[in-house]
Amino acid sequence: MNYLSVENISKSYGERTLFDNLSFGINKDQKIAFIAKNGTGKTTIMNILNGLDQPDTGQVVVRKDIKMAFLSQVPNLQDELTIEESIFASDNEVLKVIEAYETALENPEDEEAYQKAFDNMDRFNAWDFETQFKQILFKLKLEDLKLKVKNLSGGQKKRLSLAIILINRPDLLVLDEPTNHLDLEMIEWLEDYFAKAPITLFMVTHDRFFLERVCNEIIELENGKLYQYKGNYSYYLEKKDQRIASENASLDKAQNLYVKELEWMRRQPKARTTKSKSRQDDFYVIQEKARSRRREQQVELEINMERMGSKIIEMHKLHKKFGERVILQNFSYDFQRGDRVGVIGKNGTGKSTFLNILTGVIPPDQGKVVTGDTIKIGYYTQSGINPKPGQKVIDVIKEFGEYIPLMKGRTISAGQLLERFLFDRKKQHDYVEKLSGGELKRLYLCTVLIQNPNFLILDEPTNDLDIVTLNVLENFLMDYPGCLIVVSHDRYFMDKIVDHLFVFRGQGEIEDFPGNYSDFRAYEDSAEPAKKELNSVSTEKNNWKQQQKSDGLTFNEQKEFQKIEREIKDLEYEKKQIEQLFAEGGVADADIEKKANELQAVIQKIEAKEERWFALSSKMEG
C-alpha cells in the first residue's frame, strides 16, 4: 500500500538548483533512510514532505486515510504547557480518556467523576496504553510531567517531541536526526523499538548502527540524482561501491572513445555527409560523458602535528564531587603515545566534568593533573563556534593565522585549508550566520585542527555531520598519530577509531575497558544478561489498574497512594536536576553550600514519601 508519493519535485534558490525532477514513493512497512551530503537539500525535502515548504515544480501526494507525524530538528512546542499538557494536546481519543482519569485523581472528592473516568479507562482499554506511554517517557527520561516546556533544555525538548510522536502511533513517521540528544541507552532502546514496531519510517540520520539495524531501504541523493538500495547500511555500501566501479569503467571507456573520435573530427572532410553528421552528433554525446567526473569532494586532512616528549598527561589520584554526587574517586591514569580512548556513560555521570578537569577548565578537589611541556591540546566542545557578528568564514580561520603548516614542510593558506573542508571560494566570503549546522561543525573542527594539536579531545564531534563527512573524519582520525579522546554516542564512529574505553558507571566508578564499543556491548550482554532490563518498572508498582481495584485500601488511601507516586517522581527529577548541575560544574562557588542543602532536603522528602508508600503498599498486599 502506497502511503506517500513524491512526483517530479524541483527546488531552487536564486541561481542555485538544489535538486530537479526527483520522484520516489513510501509504502507501508518500509523503513527508509535518506542519505545526502550537507547542503544538497535533505532538510528542504523533509520540509516539503511535511508541507512546511513547497517545491518549485512537482507535487507530494499523501494517502488520505493515513496519520503522518514529523520529528524536526527544531521542536514545535508551546512554552507555557507542561510535559503532561503537551502530551495530552493531541487528538488521540485514548489520551483524552487518560487525561480525564488523571484529572479525576487530582480531585478525589468528586467520586462520580472518578468512577466515570475509571470506567472509561476500562472501556477504551487505556490501562495498557497508559503503561506503554509511561514507559516511553521513562526511557526518554521525561518523568517530571509538571515541568514546563520553557524550562526544558534543547535535548529535553527534542526528546519530548519524539515521545509525543511515539505515543500517538502514526502510520508514517518522518524523522530528522532522531538520535540527536539521546544517550547510548536511549538510542539502543529506540533502535529496538523501531526495529520491532509495525511502523513505516522515512528518516535522515548519521547513526550508521541505527541504519544497519532499523532500515530495510536506503535512498541516496548524489549529484542531483536519486539511487535506491533495497537493504540496510551494509548492503548500501556494497552496492554503492559496485555502482561507482561500473560508472568509472563506463567513464574510462568513454574517454578512450573520445580520444579516437577527437582524432577523426580533426581530420574529417569539410563536405559533411549524413553519415559523418550523425557521427559528429554521437561525438558530442561522448564528449559530454567523457568530460564528466564524479565530484567526490573530499576533506583532505594533513595537518602537521608537533612532536611529543616522553611525558604526555598524568592524572594522579583525582577526586571530584558536587554535593553528594561523586564524579571522580581516586582516579589515576598516565596517557601514553598513541592512546585512543573512547568515553561512554549515561548523561550526568561526569563525562564533561572529566574533560574539563583534564584540560584545566575546572580544578579537582584532590589530586593533580600534570601535562608534559610538549603537549598541545585541541579541544572540540559541544558548545561549538562563537563567531563575532558580521564575521565571514575566511575571517574565522585567519584569526589563527594566514598560513597553516602541513606534512613534509609544506604550507597552505587559510583559504586553501577551507577549500579542503568543502568551503569553496564563494562560500569562504559568506557570513558565518548563513552556514548550516553541519557546515558550522566543519568550520569549528577546522579551527581546532589548524592549531596543530598533538593531544586531541573531541566531545560529540559527529552531531550534524553527514555520513560522507563522517567517513572522511574517521579516515583522518585513524591515521592521526597523536593522543585522542572521544566522547560520542555514535557507536559506529567509536568502533572505528578507539582502542579502549573509559566507562563512567556513576558515583565515581570509572572502568578502563580494553576494546571498542561493540566489544563492550558483547561483554556486557554475555556477562550479565539481566542488564538488558535496567530501569524496568516493576509490575507491582506501576500496574495502576490493579492498584485501583485493590480491596486493601480505602478510596482516599488509593488517591493518596497515587499522589505519593507522582510526588516521588517529581522529587526524584528535582534531585537529578540538582545533581546534574553539580556534575556539569553549573553551580557558582558562593551557591555550593545552598545547593547542597537543597539536595539534602529533597533526599529527606523522598525518604519520607517512600516510607509512606511502603506502608500503604503493605496494607494493600495484606
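In the predicted model, Ile-344 has Val-503 of strand E19 as its bridge partner. This pair belongs to the pairing of strand E12, residues 340-345, with strand E19, residues 500-506, which is parallel and extends over five bridges. Both strands are part of an open sheet of six strands, arranged in the order E14-E17-E18-E12-E19-E20 and with mixed pairing. The edges of this sheet are taken by E14 and by strand E20 (509-513), each of which has a single partner strand, so that one side of each is left without a neighbour in the sheet. From one strand to the next, the twist averages 15 degrees. Helix H15, formed by residues 437-449, packs on this sheet, where it touches E14 and E17, and its direction makes about 165 degrees with that of E14.

Strand E17 covers residues 455-459, and five of its five residues are buried, so the strand is largely enclosed by the rest of the structure. In a regular strand, the side chains alternate between the two faces of the sheet. In E17, Phe-455, Ile-457 and Asp-459 point one way, whereas Leu-456 and Leu-458 point the other way, and all are buried. On one side, E17 pairs in the parallel sense with strand E14, residues 377-380, over four bridges, and in this pairing Ile-377 stands opposite Phe-455 of E17. Strand E17 is also joined by five bridges to strand E18, residues 483-487, and these two strands run parallel. Here Asp-459 has Val-487 of E18 as its bridge partner.

A further open sheet consists of three strands in the order E11-E10-E13, and its pairing is antiparallel. Strand E11 (325-334) and strand E13 (366-371) stand at the edges with a single partner strand each, so one side of each lacks a neighbour in the sheet. When direction is ignored, neighbouring strands of this sheet are turned against each other by 20 degrees on average. The pairing of strand E10, residues 313-322, with E11 is antiparallel and comprises six bridges, and Met-315 stands opposite Tyr-333 in E11. Helix H11, residues 351-358, packs on this sheet and touches E10, E11 and E13, with a direction that makes about 130 degrees with that of E10.

Contact between helices is illustrated by helix H4, residues 111-123, and helix H5, residues 126-139, which pack at an angle of about 85 degrees with their axes 6 Å apart. The two helices, H4 and H5, are therefore roughly perpendicular to each other. Helix H4 contributes Phe-118, Met-121 and Asp-122 to the contact, while H5 contributes Ala-126, Trp-127 and Glu-130. Of the residues in this contact, four are nonpolar, none is polar and two are charged.

Because its relative accessible area is 0%, Arg-208 counts as buried. Its side chain is joined to that of Glu-474 by a polar contact of 2.5 Å. When neighbours within four places in sequence are left aside, the residues in contact with Arg-208 are Tyr-233, Ile-467, Leu-470, Asn-471, Glu-474, Asp-490, Tyr-492 and Phe-493.

Key. Residues are numbered from 1 along each chain as its sequence is written. This is a predicted model: local features need pLDDT of at least 70, side-chain atom pairs count only at pLDDT 80 or more; totals for chains, interfaces and linings use all residues. Side-chain values use heavy atoms; hydrogens and water are left out. Axes are lines fitted to C-alpha atoms, for helices over the stretch in contact, and angles run from 0 to 180 degrees between N-to-C directions. Angles under 35 degrees count as roughly parallel, over 145 as roughly antiparallel, 65 to 115 as roughly perpendicular and the rest as oblique. Contact means heavy atoms within 4.5 Å. Ala, Val, Leu, Ile, Met, Phe, Trp, Tyr, Cys and Pro count as nonpolar, Asp, Glu, Lys and Arg as charged, and the others, Gly among them, as polar. Two strands pair if DSSP finds at least two bridges between them. Buried means under 20% relative accessible area, exposed over 50%, partly exposed in between (1.4 Å probe, protein chains only). A polar contact is a pair of N or O atoms within 3.5 Å; within protein, one must be able to donate a hydrogen and the other to accept it, and residues adjacent in sequence count only if both atoms are side-chain atoms.
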